[in-house]
Amino acid sequence: MGRTTGAAGASESREAYTPGGPGRAKEPPSAARRTCERKQPHRGHRWRRALLAVLITGAVVVPLSGAARPEIPAPAPAALAPVTAATLDETYEANRANAAEASRMAAAHGNRERAAADRAMADPSRRFLTYDGRGPGLASEVFGDLAHADRIAVLVPGSDTSIDTYDRFRDTARALYERLTREAPQGTGTAVVAWLGYETPGTVSTTVTTTGRAEAAAPKLREFIRQLRAVTGREAHLSLLCHSYGSVVCGRAASRLDVDDIALVGSPGTGAGTAAALHTRARVWAARGADDWVAEVPHVRLDLLGATVGFGTDPISPAFGARVFAAGDGGHSDYFKPGSTSLANLTRIVLGETSEVTHG
């Protein structure tokens, strides 16, 4: 669903004006009309965003057909002892070996793209707490010295995130880690974990507007945080940063998560009516960029043909009761963009510099 280029938009405007009907020469728009068009440069953009929202909402009752993707063979996850600070290096090595074997199996199956993705994850510089190359794939990658970190962020991704698209998720984690490293007070250790620990829904699918995937993911996220605490200890400050559908996952898991902060960005809702209804001791934050299309998605919960569609109250609304922070002018994929307002504020949240967070 691409954007219409400026040239194409201008061509459409010229051809729309045909006085006198068929057979008459087409004339350019009047000066008044051109002035009106200049005053409304984003009208077509708003229509596209609204159309996207309709398609996403309608996907649950009008499923889109598509060819089934063949399964890509991969080994079962490595059998590991409970992860502790002392066994981290062994865990990283075992998961790299598993990714290497997954790459060989994918190559033998003729899937060069997946083979390349798995092979990149087997690089000696990579650090995975978990790795599973089967199906869409699951992975939890660490940036920084997890065993000695005082401030840790766990990123939970939204739709269309898998081993095949993992690099863009990894880029967000790296951007956050690099900024944390630059801005952390001297002597403060930081780490970031990119948690692709659940099967994410497709952006336009029968699953993206319901809580099914989130409900299945919630116990996995709770268990992961429990294991992470076994490595880091209770003294470490842990922040959960949840993007898009990932905020639905965090909302479902929140009541039993041992974390200090939960930040919801680009959220369609959490499934809860208020931040208090999440039943968490963590501080709950929320933000949305000015150009994020998720603002056009209705923040409702409806029962349609036996399925519950939508996720309820808008997390940035006063009715929800989160701590709303500024996210700048970015779109749905820009919250971790280097130099952005949102990344600056997320960094402050992770570092505990809450008084420095700017508000939207």
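How many salt bridges does a search of the whole structure find? The search finds 17 salt bridges, where a salt bridge is a side-chain nitrogen of Lys or Arg within 4 Å of a carboxyl oxygen of Asp or Glu.

Before the individual pairs, a word on conventions. This is a predicted model, in which local features need pLDDT of at least 70 and side-chain atom pairs count only at pLDDT 80 or more, while totals for chains, interfaces and linings use all residues. Residues are numbered from 1 along each chain as its sequence is written, and side-chain values use heavy atoms, with hydrogens and water left out.

I begin with R134 and D132, whose side chains form a salt bridge at 2.9 Å, N to O. R134 is partly exposed, at a relative accessible area of 42%, whereas D132 is buried, at 12%. Here buried means under 20% relative accessible area, exposed over 50%, and partly exposed in between, with a 1.4 Å probe and protein chains only.

Next, R170 pairs with E141, the closest N and O atoms being 3.2 Å apart. Helices (H or I, at least four residues) and strands (E, at least two) are DSSP runs, numbered from the N terminus. Both R170 and E141 are buried.

Finally, D260 and R229 form a salt bridge, with 3.4 Å between the closest N and O atoms. D260 lies in the loop between α8 (245–253) and β6 (261–265) and R229 in helix α7 (residues 212–232), so the pair ties together parts 31 residues apart in sequence. Both D260 and R229 are buried. They also belong to a network of salt bridges that links R229, R234, D258, D260 and R281.
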